[in-house]
Every structure is written in C-alpha cells, then in structure tokens.
Amino acid sequence: MPEDLEGLKEQYLRCVRCGQCRSVCPVFEVVKNETATPRGKVFLAHLLATGEIEANSQVQAQLSRCLLCRSCSKECPSAIPVHQIVTAARAELAVKVPSPVKRLVFRKIWTRPRRLALAAGVTRNIQALGLDKLGLYLRLLPPGFALPGRLPRRPAHTIIPAITPATGETRLRVGYFLGCSTNFLFPAAAASTVAVLSSLGCEVVIPPELKCCGLPQLASGEAAAASALASANSEVFRRLNVQAVVSDCASCTATLKESPEFDGLKVTELSELLLELIQKYSPGLKQIQKPVTYHDPCHLAKAQGITAAPRELLRLTCMDFREMDGAADCCGSGGAFALYHYRTSMSILNKKIANIKKSGAEIVATSCPTCIMQLRHGLAAHGCKTDVVHTVELLGKTLGRET
Amino acid sequence: MGHQDLGVELKRIFPPERVLTSELERRMYSYDSSFMARFHSFVPDAVVLPRSTQEVSALMKLASQRRIPVIPRGAGSGETCGCLAVRGGIVVDLSAWDAIEEVDVANMQVFARPGVVHYKLNEHLAGFGLFFPPDPGSTRMCTVGGMVANNSSGLRAVKYGTTEQYVLGLEVVLPDGQVIQTGGSNNCRALKNVSGLNLTKLFVGSEGVLGIITRIRLRVWPRPKARGMAMAVFSELEQAPAAVLDVYQSGILPSGIEILDTSAIQAINMYKPEINLPSAEAILIFEVDGNPAGVAWEGQQIAEIVGRRAVSVEWATDPARMADLWRGRSVVAVAAARLRPDGSRIFAGEDISVPLSRVTEALRRIKELSRKHDVAVVNYGHIGDGNIHTAPVINLDSSAEVQRANALVDDIHRLAIAMGGSTTGEHGVGAVRNQYTMDEHGEAALVMKQLKETLDPLNIMNPGKLLPPEGGKDRA
C-alpha cells in the first residue's frame, strides 16, 4: 500500500511554502492563482490531515487539479514528494466523500480485465453508431470524451500471441506488461514492442491474466484497489520466471517500479532495455528520413529520471533528430485530468503544440500512450499533420519489423 | 459586511473569475513562507486578481468607502507575513498581472507590470543583451512587484546593490484610488532626475503600506559576457571575513561573496552529494563577472590573495561546476531541513545585517545563542555586505521547540540592533519585525507613522505591517 497522509506527515510538515513549485507547475501556469499551486495542495492536505478542514467536494475539486506530473516534486528544494501527498489526500477523500461513479469505474470495472474489455467494446459500438459525436455535440458528454479518438477494432491482446519466441538465439526471456491504454488504444505500438524485442533476441511472454497497473486507481484515490492489482500482477510475473518485466507505457513502468508488491522483480523500462540490446548486438538499422522530435512523458523523465535512452535510440535511427523547446514540459494529459479539466488541459497542451510546430518535425516520438493520445488530439485540433508515434514503432521500422 | 456581499461588490469591478470568495480559496491566501503564518490563520475576506490600473483604483475607492484593509501580494514567497491579511480585508494577488510592456533598449530601461517573475524578466532581457541585476535566491518565483515593495536584493548585491538603485519610476494607486506617477511624468524616460522629492524611493521598500504599485520602470544594465567562481575553504571561521577584506583592498569588487558555515556545508552535501563540499569551519564562494579577460585576471588574483588564508582554493571556470556551486548555495535555505529527519527549516530571524567588520563576531554569537536556546541553526549569507542568513531547524510538532525558536529569534534580532546592524537586510519587516521598528529607528519611526497617516488616513493600506504597532508589542 502506498503511504497514507499520516505516514507522510514529516514530508508535508517540511514544506516551508517558499513557492518555488509555482515556477514549474503546468496547472498553475494556466490557472494563475494560488489555489492551483502545488504548495497550496500540500497546505490543503495538511489541513485535511489535522481535521482543520472537513473532507468535502470542494476540497476534492481543488485536489483534482493536479496532473501528478511530478514537476514540483522534482523542483522542490526540500524534496517534498508532492505527488504522493496529493495521492494520499485523494485516497482519504475517496473514503470520506465517495463518488459512486468513480468507484464503479475505477474499482469495479477497471480492475477486471473482462469488464474493461466489455466497456471498451461498448465504447467502440457507440462510436460506430456515431453516438459519441452526437453526445459531444449535444453536450451530454464532457468534451474530454473526444480524446481517445476512434478505438481500434481489436485490442492488442487479441492479436498478439501469449508467447512470441526470439528471432534466432534466445538471449532474454521478458514478461511484457501490456498496459490498458496500449492494449485498447494503440495495438500497433504493442505489436511493435513485441516484434522489436523478438528481433533483438527476446522471448516475449504476455500473461493473459494481467490486470491494470493500478495507476488510475491510485490517482483517483482507490489505493486499496491499486494495491490489490499490484499484488495480483506481481504474482503472475513471479510464477512466469521471467528475467525482466518490461512495458512500453511510461506510466505503467513507473507504477510497477514503485509498487512495493514488485520488490524483487526486475522492472525495466523499454527504451533502456532496447538501447542495451542494440548496443550489445548492433543489428542493422535503416534510417528514418523525416525530421523527428521527442516528447518526454512525465512518468518517464520525472518519475523514472529517464531522458537519455529514448533520445539515444532516436539518434541511432533517425537521420534528422531535433530537440524541441520544452521537450520535458507536461502535455497536460495526466490520465483522467484531461477529462475532468478539459479546458485547462488544452491550455497546457497548446504550448506543447506550438513547440512541436516550431521544431519543424514531421514525427513526434514518445513513450506513453496517454501522451500520444493527447498530442494527436492537440495536433489535429490545430490542423497540424505531424504524426505522433511510440518510439518503439520507429524502431520497428528501422529494424525492418514493421507491423 | 459578509463575504458574499463583499464578493458581489467586487464583482462589479472585476470579472467573476478574478474574485475569490469561497472559504477554501481564501484560506489558500492565508500563508506566505514565514514562520508566523504557520501558527496563525490570516484568512482574507476576499481575494482579487487585477489586470488593470483602473481595476485597482476602483478597488481602492470601494475599500476607502467601506474601510476595508487592502493587502497587495506577489508570489507569496515572502517571510514576514507582509502579504497576509493580518487584520482581515482584501488580498490583491498581483502575480497574474505579469506583462513586460516594453523593453526600451535605446534608453536602457524596461516597463513591467508588478506580477512578472524575476527570472522571466531576465530571460526576456537576455534577448536584448540586458539584465536587471538584483538576484534574489527566490528568482524562480518572486515577482518584480514584490521585489520593489520589499527593496529586495540577494546574491549579487555586493556589486549591484539592491532593487532601489534600479527603480526609475512607479505607477502607484494611492489608498483613495488616485493614480500617480513617480520619477517623472508618464512620458519620462530620463535615467537621471533629481527634481522634486524622491517619491520613488519612498515607495520602494514600503511593503504596500502606502499604496499599490501597478507599473514599474526599471533601469537595466548590459549583461556581463563572462562569469567565474572561486571557492575557498577555511579551517578557521575568522579567516573568511579577513580574506574578504583582503580582496576588497586589492581593488577587486566581486559580483558575489557568499559564506557557508559548517552546518550549511553539511546541509548542501546531504541535499546534493555530487557537489561534495569539503568539511570546514567556513567556505567562501566568490563570483566575478564582466568581460572574459577581466574575469580570468580577477579570478587568478582572488585565488592568490585568498589562498594565503585558505586551506584550499578552487577556481572554477567549468560552467557545470560553477552552476553546481551556485545551485548548492541558492538552495541551502530550504535544504537546511535535511539536517534532521523530522526537521523543518523555519523562516524567522533569518536575514539580519551587521557591520562588515563584525561578521565573525555575529556568526559566533549566533552559534552561542543557538546553544543557549537548544535550537539547531544553519548559517550562510552574503558576507560581502554583512547580511547573514540564519536558518533554525526545528520539529514543528513540538511546542517546546517552537517556543525556544521564538526566543532564539528575538535574541538574534536584538543582537543585530545591539551590534549596529539591522533586524532585516533584505526580507523586510512585515508583521514579524515591526515590534523592533522603534528600537531600530527611534524618532524617525514616528515620522514614518506621520507619512503613513498623511497618505493613508483611514489606515486601510496593508495595516499592521512595517510601522511600529500601537501600544508597543501587539503583533499584528
């Protein structure tokens, strides 16, 4: 279980409210008043913990205005884990001010793969009938519902075999943690991950009984559900006897790495593993000709401190790799944040889109499915033809393992 | 008048999204970075976020009519409760009004609204080869309006002085709503102007007790082309100020001279082990800036002069190393809390100023006081101009420790006055040090009061700050 508010007391007491977090918080940059600052959220969490304010929907609304991007946690001179404090406060609020809808979605549906697949199927049918567009048009649905775009016909787990052998000699047996977003939204990225790993000598196992990593539950205050998911998933991998657990989703990887339930299992971030394998075995790589830039997902750059490996991979495979300004700035997605706070999310995204345009890149590579979703949404809204792909998809092309 | 009624009146002046009246929103304006704000809840009656001088003027007229206190606020990074509603009232959050309206390169000046953040202003000015020299440790968040209101300075004050030296003129909304221009009329772009009483200087550092600063005309300087840094390690504390004097007497004026004592060194190493400072009684960091040849020559000179007293001197030209040294110094303020796992660094008694000749004595006596009150402190500061930062580190949960910290802080303030210094070199008075204003200024404090009464007869402009409190010790 992650720490509760009481367990984080020493951390929030340490906040001197210097306000340095104001300089990096993407939400504050848009809202521009104190109520949106990270220190303000730490302050509220503190008041909540001491009972000076009562848990109610207003407190919940204030604390929901956080992307959990960790920019502030990284910037804080006192190293206060603001994201953990916000998460713990949300958990407390979820108990005291329960939301039946959130409970249904995050506890009852999202925790069970079959129900989630069913929900995805229903969504697909709604989209096929054009009801989503009607709902958005009539404002029966919040605008954030447009974010995922058209769901692909078949999720990844129905296309990719449970075990993919290595091409040639088996150098490593890896467990592929196929996250919910990659599975339902970006099956092509999942296929690339498996194909690339296989071509670099990995036997890839996708355990069919895997569940969600637990991040959506954590972020919405369902800490116990998140913990149960982590337990279940870790047991699956322990039984499999794999040498590494790998995921192409930055958020899943960060969550698994930080779950105490995964202690003793080796969770490896995909780009780091791929770079290691490529450097070791130097396979032939074709070059991508188009200009490519890279967007750092917060859960990769800030949560895991990984910024070099994906760039190294792109430099190896792209003729024209260019850095964009503010590559590590949050895109404003933050999972359900974009759904709850669509306008704020879009304002944050606009800056990113401007930087992408300025870079002149025709392809944006990144390694987080929700970032891909958000960036595609923003680029389309700006009438921009720039493509957004997962880094591993470019690698698939250069290795001749197109999917 | 209730919050809702007040809200209705304010919404006649401001669009509704720029008036905050809910309890939760108001509560989030009840703090700054001060120690005092942790134990008092100064919740304002309303918060407004202006975007024009007209709005501020209308606000002041309403406040005058209703006799409601008005409290200007920047980023809320201050350490004196200066931006808090200690007597209730309306907090004016100016931080979102952050336009840089014009960089007049030909006249070496910039016009900005009060909310612009210091580092953003300098980032913008860099594009013109210019900069605004005062460099507070809070550069990432503090607003230029807040800097002017508090006459802030910081790491490079030794060469570049304080904010007041750069303020050419101000637009100020007076407590009755009247708008004035100081430093010359609206179209004045002169760099020198000695006509009339210097109202600009009156408002700089006035902490919002005389009016609200709504536009700032700042003098800017050519940006130096090069920087270099020397770090000197001393086995005896006394050698450090002596080395500073040696450097001055050799005819060199560094852009910054910072001191770290044993406890500060320890805190930095715990925070950023890669900086890896040697353990010592004191470390001095000298920074020189200017043209590349001058920087190299001055750096060599400093290394040689300081080397006579120091155990070791490192002359850093590698930008990464320099950045690390400077970063370590600029975060020590908050990194101090790392000294103990349950510790919080508090901002209280944190920026006394003493005569240059008595810095060593002051540091020794602060250590004695720390032992006397059994409160751990981390000392660092701008030794180049006698400005010492003391960071008490306590467990906020222990009321005994809090009490001891308050006693320590009072002693530190009194020590500063007794040594011929000041209770505050840069953070200001606010509501936490106005009890010393009479001791520091004597009769002059009464003239300050008269000035205040003339400009603000209703006492609605940020009351309870800066000036001596009625009846002596009443805090806020």
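In chain B, if you take the contacts between residues at least 6 apart in sequence, 72% join residues at least 24 apart. Keep in mind throughout that this is a predicted model. For chain A, residues 24 or more positions apart account for 76% of the contacts with a separation of 6 or more.

Let's stay with chain B for a bit. Its secondary structure comes to 15 helices and 19 strands. The radius of gyration is 22 Å, close to the 23 Å that the globule rule gives for 476 residues, so chain B is as compact as a globular protein of that length. Along its principal axes, the C-alpha trace of chain B spans about 65 × 60 × 40 Å. And of those 476 residues, 60% are buried.

Now, aromatics. How many aromatic pairs does a search of the whole structure find? Over all chains, the search finds nine. One to look at is F132(B) with Y166(B), an edge-to-face pair with 5.9 Å from centre to centre and 85° between the planes. Where do these two sit? F132(B) is in the loop between β7 (130-131) and α5 (144-150) of chain B, while Y166(B) is in the loop between α6 (157-160) and β8 (167-173) of chain B, so the pair ties together parts that are 34 residues apart in sequence. Are they buried or exposed? Both F132(B) and Y166(B) are buried.

R140(B) lies over the face of Y119(B), 4.3 Å from the ring centre. R345(B) does likewise with F347(B), lying over its face at 3.7 Å from the ring centre.

Next, a bit of backbone. Most residues other than glycine have a negative phi. C81(B) isn't a glycine, yet it has a positive phi of about 65°. You'll find C81(B) in the loop between β3 (70-73) and β4 (90-93) of chain B. With a relative accessible area of 0%, C81(B) is buried. Chain A has a case too: L68(A), also not a glycine, has a positive phi of about 55°. L68(A) is in the loop between α4 (57-63) and α5 (71-75) of chain A. Its relative accessibility is 11%, and the cut-off for buried is under 20%, so L68(A) counts as buried.

That brings us over to chain A. Here we have 21 helices and nine strands. For 403 residues, a compact globule would have a radius of gyration near 22 Å, and chain A agrees with that at 21 Å. The C-alpha trace of chain A spans about 65 × 50 × 50 Å along its principal axes. As for burial, 58% of the 403 residues count as buried.

Let's look at two of the sheets in chain A. One is an open sheet of five strands, in the order β1-β3-β2-β4-β5, with mixed pairing. At the edges stand β1 (163-164) and β5 (267-269) of chain A, each with a single partner strand, so one side of each is left without a neighbour in the sheet. Who pairs with β5(A)? That's β4 (residues 244-247) of chain A, in the parallel sense, over three bridges. In that pairing, V246(A) stands opposite T268(A) in β5(A). Helix α15 (residues 270-281) of chain A packs on this sheet and touches β2 (172-176), β3 (202-205), β4 and β5 of chain A, with its direction at about 75° to that of β5(A). Helix α14 (residues 250-258) of chain A lies across β4 and β5 of chain A, running at about 150° to β5(A).

The other sheet is an open one of four strands, β7-β6-β8-β9 in chain A, and here the pairing is parallel. Its edge strands are β7 (318-321) and β9 (387-390) of chain A, each pairing on one side only. From one strand to the next, the twist averages 40°. Strand β6 (residues 288-294) of chain A pairs with β7(A) in the parallel sense over three bridges, and I288(A) stands opposite C318(A) in β7(A). Finally, helix α21 (residues 391-398) of chain A lies across β6, β7, β8 (363-366) and β9 of chain A, at about 85° to β9(A).

Note on methods
Residues numbered from 1 in each chain as written. Chains lettered and ligands numbered in written order. Predicted model: local features only at pLDDT ≥ 70, side-chain atom pairs only at ≥ 80, totals over all residues. Heavy atoms only, no water. Pairing = 2+ DSSP bridges. Contact = heavy atoms within 4.5 Å. Axes fitted to C-alpha atoms, helices over the stretch in contact; angles between N-to-C directions. Phe/Tyr/Trp six-rings, centres within 6.5 Å; stacked < 30°, edge-to-face > 60°. Buried < 20%, exposed > 50% of the residue type's maximum accessible area, 1.4 Å probe, protein only. Lys NZ or Arg CZ within 6 Å of the ring centre and 35° of its normal. Rg over C-alpha atoms; globule rule 2.2 N^0.38 Å.
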